[in-house]
Amino acid sequence: MAMGARGASASSEAADVVVLVDRLDRVAERWRSPGEPAAIAMQSMITGMALSGATMIAAALGYVTPIAGALIQRRSTSP
C-alpha cells in the first residue's frame with residue numbers, strides 16, 4: 001500500500017492500493033464494511049437475471065420479436 005499524494009511514483013506503481021490522502025482512518029473505515037460492494041454486486045446480478053428471465057418469458061409468449069430480443073440482450077451485456 002502506498003500512501004500520500006506526494007509519494008514516489010515507483011512505490012505508487014508497485015502498490016496494489018494507493019491512498020492519496022494522509023489519513024489512515026479512511027482505510028480502516030473501508031475495511032469495516034467489506035460486505036457493501038458484494039451486496040451491490042449481488043443485487044445487480046439478481047436484477048439482471050430477473051430482467052433477462054422476464055424478457056425470455058415475454059419472447060416465448062410472442063411479445064418480443066427475435067430482433068428485439070437480440071437487441072435487448074446486446075444492450076444488457078455491453079459495458
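What pLDDT does the chain average? This is a predicted model, and its chain averages a pLDDT of 75, with 57% of the residues scoring at least 70. Where pLDDT is low, the predicted coordinates should not be read in detail.

Begin with the whole chain, shown as a cartoon. You will find four helices and two strands, and if you follow the elements from the N terminus on, their order is β-α-β-α-α-α. Now colour the elements by pLDDT and select residues 9-14, which form helix H1, the element with the lowest mean pLDDT, 65. Then select residues 35-60, which form helix H3, where the mean pLDDT is the highest among the elements, at 84.

Of the 79 residues in the chain, 9% are buried. If you turn to contacts with a separation of 6 or more, residues 24 or more positions apart account for 7% of them.

Now look for the largest pocket, which has a volume of about 190 Å³. Select Leu51, Ser52, Thr55, Ile72 and Gln73, because these are the closest to the pocket's centre among the eleven residues that line it, a lining residue being one with an atom within 4 Å of a pocket point. Which helices each supply at least two residues of this lining? They are H3 and helix H4, the latter spanning residues 66-77, and H3 gives the largest share, six residues.

For the last stop, select Ala58, which is found in helix H3. Leaving aside residues up to four places away in sequence, Ala58 touches Tyr63 and Val64.

Technical notes
Residues are numbered from 1 along each chain as its sequence is written. This is a predicted model: local features need pLDDT of at least 70, side-chain atom pairs count only at pLDDT 80 or more; totals for chains, interfaces and linings use all residues. Side-chain values use heavy atoms; hydrogens and water are left out. Buried means under 20% relative accessible area, exposed over 50%, partly exposed in between (1.4 Å probe, protein chains only). Contact means heavy atoms within 4.5 Å. pLDDT is the predictor's confidence in each residue, from 0 to 100. On a 1 Å grid over the protein atoms alone, a cavity is a set of points where a 1.4 Å probe fits but cannot get out, and a pocket is an open set with protein on both sides within 12 Å along at least five of seven lines; lining residues have an atom within 4 Å of a point. Grid points are joined across faces, edges and corners, and a volume is the space filled by probe spheres set on the points.
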